[in-house]
Amino acid sequence: MTQMIIFLSFVFSLLLSPSHTLTLAPALYVFGDSLLDSGNNNLLPTVARANFLPYGLDSTKGPTGRFTNGRTVADFIAEYLGLPYSPPYMSLEVPKSLTGINYASGSCGILPESGNILGKCLNLREQINLFERTVKRDLPRKLKNSTLLSEHLSKSIYIFSVGSNDYINNYLETKFYDTSKRYLPQPFAQLLIHNLSHQLERLYNLGARKVVMFEIGPIGCIPAISRTHAHKGDCMEETNQIVSYFNKRLTPMLQNLTSSLPGSIFVLGRANSLGYDIIKNPSNYGLRDGSNPCCITWGNGTSGCIPLSKACQNSNKHVFWDGYHLTEAVYSVMASRCLTDTSVCTPLSIEGLVKIN
């Protein structure tokens, strides 16, 4: 399947053709970490930034603050919905946006302390706080009555990718955090699920109804972890096992929210198994390299990209962009599968989600 990436580009071109320019949802609201951050960290006092080359190398806009070479999953979903990319909340243009906002913040997680060793970032609670400000202050300036506001919120799509940094920049970072001494892996996963559930319920109470929550990916396979710990095989499977306790609890939690919150649908995005298969079998997805970062990093491929360094010539053949993040080619695969495949985004694909009134 060496032509997979070309095929996916063709699929997206068909989806975005004149016959498909109808907006399928009023807005796309984005929450999470560096997998979805579109530039919020550019305006925060943190070292976790991607507003320099070679990030954005394959983007027409250059470096925007996205932690990859081009588009993220959120960008591909926005294209499918017929919407512009959701601008970062921290940018000045946000109050004008009626088509969605991006609140995601690199290095942050579900717990407030996760990632704080790198500087200021927006944890999940803070992101929902900002969304609350959007709903109560900014949107009413454009949507003049409560009926219009309620309809806008209930028909919009909300996507989340969060939790990785609660492990990478907290639980597994034993030099700076004692979390792993205070919690065994399963109780820690339950702590994350409890906090995540509370924030998703807050989102619902603010008017959201159509929510997609992606699993934590196989972080034991990212170079930043697989190359810094002794292990057998390509991945640090012990780390993947620790993360699995969170992912296994995610499904029943989302099902419970759907059944207990009238009119809601909480979709699970199976990013872990899909991501693992892409890493292990890159050729099945038109890729070649499932282990080496495309950009030059410090520490033998275990960090972010070195500013202004060169990158590989064939980024569309690599799984990893830097020591932590994936390439646009991989995000394209993940997005396209979630759009139409109910085995990846379940119980409804995004295609099915937008059809619900």
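In the predicted model, helix H3 meets helix H7 through Leu124, Arg125, Ile128, Asn129, Phe131 and Glu132, which face Leu196, Gln199, Arg202 and Leu203 of H7. By class, five nonpolar, two polar and three charged residues make up this contact. H3 comprises residues 124-138 and H7 residues 185-205; their axes come within 10 Å and cross at roughly 5°. Since angles under 35 degrees count as roughly parallel, the two helices are therefore described as roughly parallel to each other.

The loop between helix H2 (73-81) and H3 contains Asn116. The relative accessibility of Asn116 is 41%, so this residue is classed as partly exposed. Asn170 lies 54 residues from Asn116 along the chain, and the C-alpha atoms of the two residues are separated by 9.0 Å.

Helix H11 spans residues 328-340, 13 residues in total. The distance from the first C-alpha of H11 to its last is 19 Å, close to the 18 Å expected at 1.5 Å a residue. Of the 13 residues of H11, 11 are buried, so the helix is largely enclosed by the rest of the structure. Buried here denotes under 20% relative accessible area. The buried set in H11 consists of Glu328, Ala329, Val330, Tyr331, Ser332, Val333, Met334, Ala335, Ser336, Cys338 and Leu339.

Note on methods: Residues numbered from 1 in each chain as written. Predicted model: local features only at pLDDT ≥ 70, side-chain atom pairs only at ≥ 80, totals over all residues. Heavy atoms only, no water. Helix = DSSP H or I, 4+ residues; strand = E, 2+ residues; numbered from the N terminus. Expected span 1.5 Å × (residues − 1). Buried < 20%, exposed > 50% of the residue type's maximum accessible area, 1.4 Å probe, protein only. Axes fitted to C-alpha atoms, helices over the stretch in contact; angles between N-to-C directions. Parallel < 35°, antiparallel > 145°, perpendicular 65-115°, else oblique. Contact = heavy atoms within 4.5 Å. Nonpolar A, V, L, I, M, F, W, Y, C, P; charged D, E, K, R; others polar.
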